[in-house]
Amino acid sequence: MKVVSKKSLAALITAALVTTPTIASAANLQTDDFVGISFWLISMSMVAATAFFFIETQRVSAKWKTSLTVSGLVTLVAAVHYFYMRDVWISTGETPTVYRYIDWLITVPLLMIEFYIILRAVGAASAGIFWRLLIGSVVMLVGGYAGEAGYLDVWPAFIIGMAGWAFILYEIFLGEAGKMSAEQASASVKSAFSTMRLIVIIGWAIYPLGYFYGYLATSDPGAAANALNVIYNLADLLNKVAFGVIIWNVAVTESEASS
Amino acid sequence: MKVVSKKSLAALITAALVTTPTIASAANLQTDDFVGISFWLISMSMVAATAFFFIETQRVSAKWKTSLTVSGLVTLVAAVHYFYMRDVWISTGETPTVYRYIDWLITVPLLMIEFYIILRAVGAASAGIFWRLLIGSVVMLVGGYAGEAGYLDVWPAFIIGMAGWAFILYEIFLGEAGKMSAEQASASVKSAFSTMRLIVIIGWAIYPLGYFYGYLATSDPGAAANALNVIYNLADLLNKVAFGVIIWNVAVTESEASS
Amino acid sequence: MKVVSKKSLAALITAALVTTPTIASAANLQTDDFVGISFWLISMSMVAATAFFFIETQRVSAKWKTSLTVSGLVTLVAAVHYFYMRDVWISTGETPTVYRYIDWLITVPLLMIEFYIILRAVGAASAGIFWRLLIGSVVMLVGGYAGEAGYLDVWPAFIIGMAGWAFILYEIFLGEAGKMSAEQASASVKSAFSTMRLIVIIGWAIYPLGYFYGYLATSDPGAAANALNVIYNLADLLNKVAFGVIIWNVAVTESEASS
Amino acid sequence: MKVVSKKSLAALITAALVTTPTIASAANLQTDDFVGISFWLISMSMVAATAFFFIETQRVSAKWKTSLTVSGLVTLVAAVHYFYMRDVWISTGETPTVYRYIDWLITVPLLMIEFYIILRAVGAASAGIFWRLLIGSVVMLVGGYAGEAGYLDVWPAFIIGMAGWAFILYEIFLGEAGKMSAEQASASVKSAFSTMRLIVIIGWAIYPLGYFYGYLATSDPGAAANALNVIYNLADLLNKVAFGVIIWNVAVTESEASS
Amino acid sequence: MKVVSKKSLAALITAALVTTPTIASAANLQTDDFVGISFWLISMSMVAATAFFFIETQRVSAKWKTSLTVSGLVTLVAAVHYFYMRDVWISTGETPTVYRYIDWLITVPLLMIEFYIILRAVGAASAGIFWRLLIGSVVMLVGGYAGEAGYLDVWPAFIIGMAGWAFILYEIFLGEAGKMSAEQASASVKSAFSTMRLIVIIGWAIYPLGYFYGYLATSDPGAAANALNVIYNLADLLNKVAFGVIIWNVAVTESEASS
């Protein structure tokens, strides 16, 4: 009895000496856990993107620095939450819904602010543009959260979320923001605005797809969780990193043109 | 047997000497703990705001850099304390009063310094303005702490706190600071000063509201703690981040005008 | 009673899964664990290289800042993964395959982007160059991972990986990228491009060597793991740090020439 | 017995999962532990001051950057040690003497270097000034440590420490440093030098006061520890942060004058 | 028995709540452990020196930025390893030989690179200088490690190490590097080069002294470990921080002269 306990003591102390938080989750990531691998890949990509956008603010003219800074804030906030989400996934295998929505509640409005900052850089954007984009994104997120956290049935929640998204699309394609861009922007800004719009229509379409596969398409909870998380992760990579790279590209182009 | 237990105790304490964070509180945030979600949201918003203000110092002229740096210090100090407060709330469900006041004892004087820096940037602000604003804010905080930590009954403490706030309002509306702004500032500085004043009168009014709902309005301790913390959190978001954004806006406008 | 003790052992080990770092792995690195020492050396070299590239962006002209930033991203991502890999190796003695491939999936495309950025700095590089280099590197990595994680037999996987690499070599020596460099680049850019190519042909050849010694040459798993990891570590040091230093050198030379 | 063990197991794992370093000391800070609150306040103030001094180096001319950098080093080193001291105090209630002296052994010479850097900025300061200030500060600290750590009786140690301080005061008021400042400095430098001297005479006088109350005035060890730590904490705040702000002020004034 | 278990539970949870990694080692540093205090002092000095060198790169001209960056890399790498070494010493009382050599394998070549960068800044330094200095330093370190880790007897290992050092001294005093400095450098560069050489001859002589006291002079292992570590620590402080300050001094002087 004592021998066992002593050994276990020794084992314990040894174990305590050799483990770190990182190992903790590190040892848990299996070579075939592709959802976990996607969390890991995206958490590091967000870190790298943040460093990239922040350092590149050195390279652009004052007016465009703010656009790049905001791109970096989006990936910074996402990076932190991806570390939390990755750890929740790897240690419990559960979908980290609450962290996703906390992330989105900060980053989606920041993405909307990017449209506004770009429009302001080329003319007198009205505050109304910002408020309409903000309201649209909050409606979209509240709908989604109500469905995923179980406050509403998945179908009505899905419809509310889609309505918010539709409102954003209306504003940037046909509303005041769309008109301003069409009339006042330079060629490179117009092209960036146009690609950013495509991301909001195509890239954001991946989220309802994830929601659909996660809650509406299958009754196997494991497969649903896998589908949901891989799809959401890839969508975040596109909508945050690629979106930022487009802004970086126009910022560099315009800065060089004006210098 | 006792010997073994004691040893395993020692081993456990040793093991416990070293336990890790992330998962920890992560696993504890429930999807319906909206107070916890508000702590989480605001802690990350403070981090993002700090990065924003510090990076944007690159963009403004020397005189305005200090204003932006101080805005970033306010959100930096708040960010650190929100991480502590968030963890206290999520792991114990208790109101983290002592950390709130430590935060405020650093950030409220820094907000007062912002008024002084802006006035100094447009003319010869007397040191008296700074000292009066400082004394007002300390009286306000000491009153509040005495009430919340139980050193005074809630009503007398409430009155002391309100008196400190009234003194600040007098100074920035009718006192020397108010006069200086009215007479010497440029249009954009005057407009910023005016919005900052509105925040101090309207945004700060949210704190006594929280105090009222937390200590004076209800006898249900759970509901009171929820109300108190959500209200305080939203007030901090407005009074720190929005306040800083106003200063950022005037700093950018004035820097572009003078270049 | 023993059962209880065993359970408490398990519990303790679980608890210990989350014990702190420094001492931890520190106490475990043996003076004769040269694989562990190589992990340690390279993790710190990556940190130092990252600091170097990021700080030196101050020194070069705008066009070259991006090249240096990307070099720093490569070593940053590698640094983080080397810390994880080091801890896995030192605490378990196992080859951290999954972390290596997560690292490579981010850093190898970034290295390919470096070729593209340099070509774009000297003329109108087509997007096709980037996509071909990207596809080549993904094929190479997918082949390698399939072999190392056991999804394919080692020989076929080896051949797929080699095909991806051959495709990259074709592009940078004989394809469009090779031609552009030969025709349009200045002497110092041409020389850097040429050394970078040599690194991709000679430095990258070390990886199949590691794969060969790790999976094809020996049946002693301990010796194979040692060989594999030491070879991969040295290859990473050369292909990431030395590659970056070459880019730093051309960036400094070209910046001084143009100022 | 088993039940208890199993419960304790569960409790253990729960405890291990919910604790973080932060909660840790966080949960321990009582609302009436004003010494602990002062440690906490000052640790965060040091962090904020460090950020302030480092970011403001952007704003001043090259010659004055070094003065600001050194001010930031003082608060950086103090910040790190205050975090350690805070944790020692809150978890054990003991006076963290050894960390205080490690801090002072780095920061006090750095403060002396500030005098030297300012004198060098206005004329040819001899190396003798630096060495005399350094020797004075080391004598002062060695005396203090010998008394507080029990290597000497408190009275003789007190006298040695006071002698070191007297030597510093002689140098900056009546010695070569004092003369240089009186003869060669501009008005704003002279005023800063003069305030820095006042801090060394008045602000530093708080330390022997703390020593006196902590070791010579009372026989109640609890009250003595409280007095000692609160007094030392306030002295550090004044002598590090306020000292740095004075240097920041002269750096900004002189930079604007020369531009 | 139950009482004990319950108490132990309570004790455990309390312990878990009050402990942090930092306390862990913090609580372990005794007021009379002067070796531990020297580890602590130097770890923080390295951090401060790193911040200093990196921030001061702002102040010097492009050519000298690289020299300062490399000085900062040396202290950065040393800082990280000193934190590990400090923790090993304080928690086990053992000499952290393997971490010292990992540190030196990165920092000593970087110090040699400093000679090369300075010579390149004043003329066409041949690559041979760099390779000879690198080979000398590797021979020196391999000899030392073989002796300290027990791969060779202490005397032969000592002689190999000394031979490497002698080769470096030959190169910088009488070889190509020495000649280049004598012929082509400006007065301030020549003076810095000369002081750096003195550090390599006098400051580095402290290491064989430590080796001698640690392995050859005494048979008391405790005293030997104390002597070895204190001597190595002081040598590192001189050879890394003071070496860097000399480079900073010449960088500032030359930058001001050329502007």
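Biologist: Which residues does Asn233(E) touch, leaving out those up to four places away in sequence?

Modeller: This is a predicted model, so read every contact that way. In it, Asn233(E) touches Val35(E), Ser38(E), Phe39(E), Ile42(E), Tyr82(E) and Arg100(E).

Biologist: Where does Asn233(E) lie?

Modeller: Asn233(E) lies in helix 11 of chain E.

Biologist: Is Asn233(E) buried or exposed?

Modeller: Asn233(E) is buried. Its relative accessible area is 0%. The cut-off for buried is under 20%, so Asn233(E) qualifies.

Biologist: Arg100(E) was on that contact list. What does Arg100(E) form a salt bridge with?

Modeller: The partner is Asp236(E). The closest N and O atoms are 3.8 Å apart. Arg100(E) lies in helix 5 of chain E and Asp236(E) in helix 11, so the pair ties together parts that are 136 residues apart in sequence.

Biologist: Are Arg100(E) and Asp236(E) buried or exposed?

Modeller: Both are buried.

Biologist: Switch to chain A. What does Asp236(A) meet in a salt bridge?

Modeller: Asp236(A) meets Arg100(A), at 3.9 Å from N to O. Asp236(A) sits in helix 11 (residues 221-258) and Arg100(A) in helix 5 (residues 97-122), so this bridge links parts 136 residues apart in sequence. Both residues are buried.

Biologist: Which residues are linked with them in a network of salt bridges?

Modeller: The network holds Arg100(A), Asp103(A), Asp236(A) and Lys240(A).

Biologist: And chain B? What does Lys240(B) pair with?

Modeller: Lys240(B) forms a salt bridge with Asp103(B), at 3.4 Å from N to O. Lys240(B) is in helix 11 of chain B and Asp103(B) is in helix 5, so the pair ties together parts that are 137 residues apart in sequence.

Biologist: How much relative accessible area does Lys240(B) have? And Asp103(B)?

Modeller: Lys240(B) has 3%, so it counts as buried. Asp103(B) has 0%, so it is buried too.

Biologist: How many salt bridges are there over all chains?

Modeller: The count comes to 37.

Biologist: What does the side chain of Lys65(C) reach, then?

Modeller: It reaches the backbone oxygen of Thr57(C), at 2.8 Å.

Biologist: Which residues is Lys65(C) in contact with, leaving aside neighbours within four places in sequence?

Modeller: From chain A, Lys65(C) contacts Glu56(A), Gln58(A) and Arg59(A). From chain C, it contacts Thr57(C), Gln58(C) and Val60(C). Lys65(C) itself is in helix 4 of chain C, residues 62-92.

Biologist: Back to chain A. How many helices and strands does it have?

Modeller: Chain A has eleven helices and zero strands.

Biologist: How many of its residues count as buried?

Modeller: Of the 259 residues of chain A, 59% count as buried. The chain exposes about 9500 Å². Carbon and sulfur atoms supply 68% of that area.

Biologist: What share of the contacts in chain A comes from residues 24 or more positions apart?

Modeller: The share is 75%, among contacts with a separation of 6 or more.

Biologist: Which helix gives the most to it?

Modeller: Helix 6 of chain A does, with three residues. Helix 6 (127-148) and helix 7 (154-173) each supply at least two.

Biologist: Where is Ile160(A), and why does it count as partly exposed?

Modeller: Ile160(A) is in helix 7 of chain A. Its relative accessible area is 37%, so it counts as partly exposed.

Biologist: Last one. Where does Glu256(A) lie, and how far is its C-alpha atom from that of Ser61(A)?

Modeller: Glu256(A) lies in helix 11 of chain A. The two C-alpha atoms are separated by 8.3 Å, though the residues are 195 apart along the chain. Glu256(A) has 43% relative accessibility, so it is partly exposed.

Note on methods: Residues numbered from 1 in each chain as written. Chains lettered and ligands numbered in written order. Predicted model: local features only at pLDDT ≥ 70, side-chain atom pairs only at ≥ 80, totals over all residues. Heavy atoms only, no water. Helix = DSSP H or I, 4+ residues; strand = E, 2+ residues; numbered from the N terminus. Buried < 20%, exposed > 50% of the residue type's maximum accessible area, 1.4 Å probe, protein only. Polar contact = N/O pair within 3.5 Å; in protein donor to acceptor, adjacent residues only side chain to side chain. Contact = heavy atoms within 4.5 Å. Areas by Shrake-Rupley, 256 points an atom, 1.4 Å probe, with all protein chains shown as cover. Salt bridge = Lys/Arg side-chain N within 4 Å of Asp/Glu carboxyl O.
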